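Dear colleague,

I am passing on the structure that we spoke about, and I would be grateful if you could look through it before reading my notes. The sequence and the model come next.

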Amino acid sequence: MENERNSILATAVEQAAESVMITDKSGIIQYANPAFEKISGFTRDEIIGKKPSILKSGRQSAAFYKTMWETISRGEVWKGLLVNRRKDGALYEVEISISPIRDESGAITNYVSVKRDVTEERRLEQQLVRAQKMEAIGTLASGIAHDFNNIVTAILGFTDLVIDDIPEGTKTRRRLGYVREAGLRARDLIKQILSFSRQNDTGRKPVKLAPIVKETLKLIKASIPATIEIRQSISSDGRSVLADPVQIQQILMNLCTNAAHAMREHGGVLEVSLTALEFESASYFPQPGMAPGPYFRMTVADTGCGMDSSMLERIFDPFFTTKKPEEGTGLGLAVVQRIVKSYGGAITVTSEPGKGSSFEVFLPCITAGEKGGETVAPSVEKGSGTILFVDDDPSIIRLGRDLLRQLGYRVVTSRGAREALNTFEKNPHRFSLLLTDYIMPHMTGTELAREAHKIRPDIPIAMITGLTQIPTKGEMKSAGVLEVALKPLTMEELAEIIKRAMSRT
Ligand SMILES: Nc1ncnc2c1ncn2[C@@H]1O[C@H](COP(=O)(O)OP(=O)(O)OP(=O)(O)O)[C@@H](O)[C@H]1O
Ligand SMILES: [Mg+2]
């Protein structure tokens with residue numbers, strides 16, 4: 001009977017999923033079960049007769065172990081979390097309880113420790129925390145975005161206007177140019193932050209990568225020191241990618257800025273290449289979850305300081321940065337990865353300390369049959385006709401009126417949708433275009449569009465919207481809105497959407 005019970009106990013311990021280890025009173029290991037072998041990587045032969053300190057990772061202090069020993073030698077159970085080292089050197093985290101075993105007289109003869117590997121659990125927990133952090137940032141960002149965008153709209157818009165009034169070559173004009181540049185940077189920054197909260201695909205259209213890459217490289221050239229040589233090899237087979245050109249620019253800018261920073265001390269070579277390639281269904285994918293088919297590969301390689309493997313693990317984490325606060329936020333690569341993933345693409349990196357780094361971005365092409373678009377170079381052409389401009393914010397109304405006049409249009413402004421409808425109803429054929437804000441009190445831009453179309457079905461309608469609340473394609477289509485532009489607008493963009501909307505009817 002006693003024997004049978006003992007053998008059941010022994011089998012149970014042998015087969016338990018938890019790692020079980022028994023030591024004598026002085027801590028010498030006398031027994032370990034197979035789960036222990038599996039978790040620690042040591043065989044029983046290797047550890048029996050040794051001390052548990054063979055598993056020490058160095059992550060806990062001497063004081064930590066001292067309290068542990070004091071607790072168990074007092075005859076109490078010790079419970080806690082600790083990090084151990086496997087035989088192969090890898091660290092793992094365990095939840096552990098150590099209990100004293102006593103003989104009939106009550107004296108401690110042995111200790112038994114039961115451990116559970118919680119490494120994976122911890123990893124998932126951290127991932128969750130990170131996801132929640134990102135969500136919080138997203139919410140915060142969209143909260144301030146609306147107001148901030150209106151402010152930048154006014155700064156950029158009025159600067160555009162004033163610049164045109166000042167003769168070229170003057171100091172003032174040059175200085176205003178700097179104001180405009182700073183305004184554009186502010187706009188890019190807010191777009192960058194908002195890429196986190198924005199999940200929809202507004203702004204995506206078929207684009208050819210080669211021209212965007214070339215354009216962006218021109219901008220980059222202007223901003224990096226001469227000690228860095230740029231080599232480019234851009235080839236494309238005419239296929240397109242379904243993407244937002246601004247985001248493509250963002251990807252390239254972020255990667256090149258990082259590369260330039262890595263080479264700022266000793267100079268070097270920045271190599272940017274674009275090639276088309278095909279992933280067969282059976283081929284090796286750079287990242288799991290990618291669909292087979294045609295892709296573009298964009299490579300940004302530098303000969304800078306490089307990174308070691310522990311750094312490579314963290315570079316895509318939001319806010320991971322090795323730069324000074326004024327030099328970087330640590331969002332660059334997080335944004336890049338987010339964009340690339342949302343396109344069904346992948347990003348990989350190889351790097352060696354002291355030798356340099358190479359980032360490869362894979363973006364899926366649109367397959368045959370789908371029409372490719374082109375990127376249009378901005379050029380401001382004067383227009384004609386009368387535009388009904390609607391917004392609820394007086395400073396935007398003033399700006400809109402001035403910008404539109406500058407572009408050659410006659411302008412009637414309305415504050416809010418109701419006022420606009422009244423004006424429109426009185427003489428609907430007087431207007432060549434209705435240009436309205438999206439979010440307004442009482443009535444949204446799309447609702448206004450519907451009402452206006454009841455009065456005059458063929459009136460072209462374009463809309464301007466903040467980055468935070470963007471109408472869906474379905475909503476726009478059903479309301480008959482032809483074009484949507486995101487705030488803050490520049491004069492070129494405004495000219496562009498008006499022209500497109502007017503030509504589409
Ligand atoms: N090409 C590179 N060579 C060496 N280190 C790099 C390279 N690219 C990125 N890193 C490292 O990865 C970190 C994170 O890059 P990331 O672009 O996400 O943020 P950042 O450049 O520090 O800040 P931000 O892009 O927001 O201005 C950098 O601080 C840098 O240490
Ligand atoms: Mg960066």
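Below is what was found in it, part by part.

Please keep in mind that this is a predicted model, in which local features need pLDDT of at least 70 and side-chain atom pairs count only at pLDDT 80 or more, while totals for chains, interfaces and linings use all residues. Residues are numbered from 1 along each chain as its sequence is written, chains are lettered from A and ligands numbered from 1 in the order in which they are written, and side-chain values use heavy atoms, with hydrogens and water left out.

The chain as a whole

The chain has 15 helices and 17 strands, where helices (H or I, at least four residues) and strands (E, at least two) are DSSP runs numbered from the N terminus. Of the 505 residues in the chain, 43% are buried; buried means under 20% relative accessible area, exposed over 50%, and partly exposed in between, with a 1.4 Å probe and protein chains only. Among contacts with a separation of 6 or more, 64% are accounted for by residues 24 or more positions apart, a contact being heavy atoms within 4.5 Å.

Strand S1 (residues 19–24) has 5 of its 6 residues buried, so it is largely enclosed by the rest of the structure. S1 pairs with strand S5 (residues 108–117) in the antiparallel sense over 6 bridges, and with S2 in the antiparallel sense over 3 bridges; two strands pair if DSSP finds at least two bridges between them. S1 and S2 form a hairpin with 4 residues between them, and Gly27 in the turn has a positive phi of about 95°.

Is Asn33 buried or exposed? Asn33 counts as buried because its relative accessibility is 0%. The side chain of Asn33 reaches the backbone nitrogen of Val20 at 2.9 Å, which is a polar contact, that is, a pair of N or O atoms within 3.5 Å (within protein, one must be able to donate a hydrogen and the other to accept it, and residues adjacent in sequence count only if both atoms are side-chain atoms). Leaving aside neighbours within four places in sequence, Asn33 is in contact with Val13, Glu14, Ala16, Glu18, Ser19 and Val20. Ala10, in helix H1 (residues 2–15), is partly exposed, with a relative accessible area of 42%, and its C-alpha atom is separated by 9.7 Å from that of Asn33, 23 residues apart along the chain.

The five-stranded sheet

An open sheet of 5 strands has the order S7-S9-S10-S12-S11, with mixed pairing. Its edge strands, each pairing on one side only, are strand S7 (228–234) and strand S11 (346–352), and the twist averages 15° from one strand to the next. S10 is mostly covered, with 9 of its 10 residues buried. S10 pairs in the antiparallel sense with S9 over 10 bridges, where the bridge partner of Leu277 is Tyr295. Strand S10 (residues 293–302) also pairs in the antiparallel sense with strand S12 (residues 356–364), over 8 bridges; Thr299 has Glu360 as its bridge partner there, and Val300 has Phe359.

Helix H7 (residues 209–223) lies across S7, strand S9 (268–279), S10 and S12, running at about 170° to S7; axes are lines fitted to C-alpha atoms, for helices over the stretch in contact, and angles run from 0 to 180 degrees between N-to-C directions.

Aromatic pairs

The structure holds 6 aromatic pairs. One of them, Phe279 with Phe362, is tilted, at 5.7 Å centre to centre and 55° between the planes, and it links distant parts of the chain, with Phe279 in strand S9 and Phe362 in strand S12, 83 residues apart. Rings of Phe, Tyr and Trp (its six-membered ring) pair if their centres lie within 6.5 Å, and planes under 30 degrees apart count as stacked, over 60 as edge-to-face and the rest as tilted. Phe279 counts as buried at 9% relative accessibility, as does Phe362 at 4%.

With kind regards
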